[in-house]
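Please look over the sequence and the structure shown here before reading on. The briefing that follows begins with a few lead sentences and then goes through the topics one by one.

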Amino acid sequence: MPSLQVRDLPEHLYQEIVQLAEADRRSITQETIVLLEKALNIEKENKKRRQQLLKKIQEETRKEQKEEEILDPVKLVREDRER
């Protein structure tokens, strides 16, 4: 199994991990793995949600642009006046 060493870890972060590990009755290593898994999953979910939101915005923008082209009253009035 791969190993990970973190140098210059701030003391307050280390103490937070120690406290969480004690509260969850885990070793520091186990707690760190759990925290990393949670953080990575959250990041993946956030990225997926942002991509879905951007896709929805792009689709709505395309629909609005098509509607504006078809139903632009200014354009219709100008065309009528030019006859």
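S3 lies in the segment before helix 1, where helices are DSSP runs of H or I with at least four residues, numbered from the N terminus. With a relative accessible area of 75%, S3 is exposed; here exposed means over 50% relative accessible area, buried means under 20%, and partly exposed means in between, with a 1.4 Å probe and protein chains only. This is a predicted model, in which local features need pLDDT of at least 70 and side-chain atom pairs count only at pLDDT 80 or more, while totals for chains, interfaces and linings use all residues. Residues are numbered from 1 along each chain as its sequence is written, and side-chain values use heavy atoms, with hydrogens and water left out.

**The segment before helix 1**

- S3 and K55 are 52 residues apart along the chain, and their C-alpha atoms are separated by 39 Å.
- L4 is also placed in the segment before helix 1, and L4 is exposed, its relative accessible area being 65%.
- Between the C-alpha atoms of L4 and D80, which are 76 residues apart along the chain, the separation is 73 Å; D80 itself is found in helix 3, residues 73-81, and D80 is partly exposed at a relative accessible area of 46%.
- D8, another residue of the segment before helix 1, has a positive phi of about 55 degrees although it is not a glycine, and D8 is exposed with a relative accessible area of 78%.

- Helix 1 covers residues 11-24, and at 1.5 Å a residue its 14 residues should span 20 Å, which agrees with the 20 Å between its end C-alpha atoms; the expected span is 1.5 Å times one less than the number of residues in the helix.
- I17, V18 and A21 are buried in helix 1.
- Seen down the axis of helix 1, the buried residues fall within an arc of 100 degrees, so they line one face of the helix, the arc being that of the directions from the helix axis to the C-beta atoms.
- H12 and A23, on the other side of helix 1, are exposed.
- R25 is placed in the loop between helix 1 and helix 2, and just after helix 1 this residue, R25, takes a positive phi of about 55 degrees although it is not a glycine.
- R25 counts as exposed, at 78% relative accessibility.

**The nonpolar surface patch**

- L4, V6, L9, L13, Y14, I28 and L36 make a nonpolar surface patch of about 620 Å², with accessible areas taken from the Shrake-Rupley method with a 1.4 Å probe and, for residues, only the protein chains shown counting as cover.
- Helix 1 and helix 2 (28-71) are the elements that give two or more residues to this nonpolar patch.
- Patches are made of residues with over 30% relative accessible area and no salt bridge, and they join like charges within 9 Å and nonpolar side chains (Val, Leu, Ile, Met, Phe, Trp, Tyr) within 5 Å.

**E31 and its surroundings**

- E31 has its place in helix 2, and at 2% relative accessibility E31 counts as buried.
- Leaving aside residues up to four places away in sequence, E31 touches I17, L20, A21, D24 and R26, where contact means heavy atoms within 4.5 Å.

**Salt bridges**

- Four salt bridges are found in a search of the whole structure, a salt bridge being a side-chain nitrogen of Lys or Arg within 4 Å of a carboxyl oxygen of Asp or Glu.
- R26 forms a salt bridge with D24, in which the closest N and O atoms are 3.2 Å apart; R26 counts as partly exposed at 33% relative accessibility, and D24 counts as partly exposed at 39%.
- R26 and E31 also meet through their side chains in a salt bridge, at 3.0 Å from N to O.
- In another salt bridge, the side chains of R50 and E43 meet at 3.7 Å, N to O; R50 counts as partly exposed at 45% relative accessibility, and E43 is partly exposed with a relative accessible area of 45%.
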